[in-house]
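Biologist: Hey, can you walk me through this one? I'm new to reading structures.

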Amino acid sequence: MTKSSSHFGRQAEEEAARYLQERGFTLKTRNYRHGSREIDLIMEKDDLLVFVEVKASRGQSFGSPESWVTPAKQKNIITAALAYIQKHDIRDREIRFDVITCHGQGSELKLNHLPAAFDASANL
């Protein structure tokens, strides 16, 4: 990953976090790691805990960012989410897996929020 693509990814994560915070979510943690698995954002609102994968694209050369969240990627996110839940002894919370895609660059960045983009039970 180049420095500029790394910067672009961080910018997309910042915008995604800001977008969710404007909708009443609180940022719990960013870039949570469990081994080689990572969750970009963990957000909460009331009794809802949301694990968010952020994908950013400057163009459509490699397909849509939504398609990059493959079943294998989903399984990795779910595994990391389960580790987070266990580590923090989280109980009686609704859990959701969202994807936020960011297209474009700079002030032209457009977000697409896909709430409940995938389900843990379908990937275990």
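Modeller: Strand β2 (residues 37-45) pairs with β3 in the antiparallel sense, over five bridges. Strands here are DSSP runs of E, at least two residues long, numbered from the N terminus, and two strands pair if DSSP finds at least two bridges between them. This is a predicted model, where local features need pLDDT of at least 70, side-chain atom pairs count only at pLDDT 80 or more, and totals for chains, interfaces and linings use all residues. Residues are numbered from 1 along each chain as its sequence is written, and side-chain values use heavy atoms, with hydrogens and water left out.

Biologist: Which residue in β3 is the bridge partner of M43?

Modeller: That's V50.

Biologist: And what does D46 do in the hairpin of β2 and β3?

Modeller: D46 takes a positive phi near 55° there, and the hairpin has two residues between the strands.

Biologist: How many bridges join β3 to strand β4?

Modeller: Ten, and β3 and β4 (residues 94-103) run parallel. For instance, A56 has C102 as its bridge partner in β4.

Biologist: Why is β3 largely enclosed by the rest of the structure?

Modeller: Because nine of its ten residues (48-57) are buried, meaning under 20% relative accessible area with a 1.4 Å probe, protein chains only.

Biologist: New topic: what is F97 in contact with?

Modeller: Leaving aside neighbours within four places in sequence, its contacts include F51, I77, L114 and F118. Contact means heavy atoms within 4.5 Å.

How values were computed
Buried means under 20% relative accessible area, exposed over 50%, partly exposed in between (1.4 Å probe, protein chains only). Helices (H or I, at least four residues) and strands (E, at least two) are DSSP runs, numbered from the N terminus.
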